[in-house]
Amino acid sequence: MKSFFSAAALLLGLLAPSAVLAAPPVPGVPREVTRDLLRPVEERQSSCHTPSNRACWSTGFNINTDYEVSTPNTGVTRTYTLILSEVDNWLGPDGVVKQKVMLVNGDIFGPTITANWGDWIQVNVINNLRTNGTSIHWHGLHQKGTNMHDGANGVTECPIPPKGASRVYRFRAQQYGTSWYHSHFSAQYGNGVVGTIVINGPASLPYDIDLGVFPITDYYHKPADVLVEETMNGGPPPSDTVLFKGHGKNPATGAGRFANVTLTPGKRHRLRIINTSTHDHFQLKLQNHTMTIIAADMVPVQAYTVDSLFLAVGQRYDVTIDANKSVGNYWFNATFGGGLACGASLNPHPAAIFRYQGAPNANPTNQGTPAADANCMDLNNLTPVVTRNVPTSGFTPRPNNTLPVSLTLGGTPLFVWKVNGSAINVDWDKPIVDYVIAQNTSYPPQANVITVNSVNQWTYWLVENDPDGPFSIPHPMHLHGHDFLVVGRSPDQPAGGPQTRYRFNPATDMARLKGSNPVRRDVAMLPANGWLLIAFKSDNPGAWLFHCHIAWHVSGGLSVQYLERPNDLRNGFSQADKNQHNNNCNAWRAYWPTNPFPKIDSGLKVKKWVGEHPDWYIKN
């Protein structure tokens, strides 16, 4: 889609806090002033952050700076407007007409939010959808001091009402790296309310060219809301195809096109890979090339070279690619492993093309070799550049730090996902922050609130995957407001087929734990029939969701919310934030009684669409 090409062009230059350029107009979007979107990084940082030294950023800030302790004060605010709209009978990138999509600024993928490390980002979201509320979550951004801007409706805000209501999100780019934004209302982001984020900063490896964002997503011809309802009573369907940077080739009709990425011979390229799927995880391989990982989610890591890469829903990897092969065209393949426990698609060979400059405009002729089967498991041996250490002896499994995930079968709906025996069901009209403001601790049981009162202490959380259930599948677990340390996980095993069921056993499993600078990220795979031990520091007061990032699973209840230091959270709310919060909630509460559709699931991914034509809305 055209927004991706413009985003890629913008990313060839990093932002600067001087000079003013008018951003190119987007149909239906007011022209706004954006600073230095087109200036090359070498012009802005002539003495630092060059192709031969990306570890440096600016005076006093480099790859070894702990961004949770020190962040540049740029004094710059990057301003964006996102306008959500609905379109019926929309011609998709694979040549198939979808009966409904929800677009951001007229595109199936919204514009890339681009800023520098230390900037403020301000986004005006205008909801022109017909009946859906919305909230926009800025995935992976810690929101220190700005919990009300996290964008989780029913938790940190009421939904933004449809038919033209709006709200402004404002937060600091305390971190740097690659991420994405998406709706947290319904499975709405599966209908198109999604976009990418780039926060420019240092890197752990030199490179010549930044290729920009490379989102990969499952793509369905049915609306995501229909799929939510179907998965309540049946297994998830395979995706119809996979899109790379908004493009895909229809294997049945030949419609659409392969996404193309240009490599310059002899140069090292940075590629920002993002899985924006609702369900599918991918195993990625660039034929005849290796990829060197330099960041996992938004955590810089020591360079680590791989032949292929497993990418779970919600995860991001920044990699470098050396264009040191023969000039030609090479397939970039996405496959599914784990006995299809990682997902599946009706497109048997989802792919993009990486084309060297000077190569013919043709498809690659060498099919290459399949990626190794990662069995739906993350890399567990990456080394973060900035170290975090936790004492493994500080963990003792107890009921108050153990989160059993379970699947309940046989009721209505058939499939209900629970944590600690409870499926989350948030109240759009009364988010948990309302309880915090009112000093009301009578949280609804279905809100699945876990209160964390300790201050600046490591907290450990053992997640066990359906230890007593009839079967088990992997889950990509995402935490808002924090990175977490992956302190340990159960022994690796095939994700599909017969499995050994692992519960955490201190007598044998304490030796599996790693407290010395383990992998740190914000999405990690919970193994099928196994366990995952994570730790985060209670240094960010807020109401933070911890949930499976498969849309159908969080819709079905697979989430808790950590209420971290509620007294400090309440005392930290600005009056301006409380005013905006109250105004938006009052507008939502006035709208909701007029909404024609029932709330049928958790409220984090939700709304009932029925039928197979544009008037499928039915009021029950």
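Tutor: Contact here means heavy atoms within 4.5 Å. Helices (H or I, at least four residues) and strands (E, at least two) are DSSP runs, numbered from the N terminus. This is a predicted model, in which local features need pLDDT of at least 70 and side-chain atom pairs count only at pLDDT 80 or more, while totals for chains, interfaces and linings use all residues. Residues are numbered from 1 along each chain as its sequence is written, and side-chain values use heavy atoms, with hydrogens and water left out.

The helix is α3, residues 224-231, and six of its eight residues are buried (under 20% relative accessible area; exposed is over 50%, partly exposed in between; 1.4 Å probe, protein chains only). Those buried residues are A224, D225, V226, L227, V228 and T231. Their cover includes strand β25 (415-419) and helix α6 (551-555).

Next, the aromatic rings. Rings of Phe, Tyr and Trp (its six-membered ring) pair if their centres lie within 6.5 Å; planes under 30 degrees apart count as stacked, over 60 as edge-to-face and the rest as tilted. The structure holds 30 such aromatic pairs. One of them joins F61 and W117 edge-to-face, at 5.5 Å centre to centre and 80 degrees between the planes. Because F61 lies in strand β4 (61-62) and W117 in the loop between β7 (113-116) and β8 (120-127), this pair ties together parts 56 residues apart in sequence. F61 counts as buried at 16% relative accessibility, and W117 is buried at 0%. F214 and F332 also form an edge-to-face pair, 5.4 Å centre to centre with 80 degrees between the planes. F214 belongs to strand β13 (209-219) and F332 to strand β22 (329-335), so the parts tied together are 118 residues apart in sequence. Both F214 and F332 are buried. Ring pairs also link F185, W428, W588, Y591 and W592 into a cluster.

Last, the sheet. Two strands pair if DSSP finds at least two bridges between them. Four strands form an open sheet in the order β6-β5-β8-β10, with mixed pairing. Its edge strands, β6 (97-104) and β10 (165-172), each pair on one side only. β8 and β10 pair in the antiparallel sense over eight bridges, and N124 stands opposite V168 in β10.
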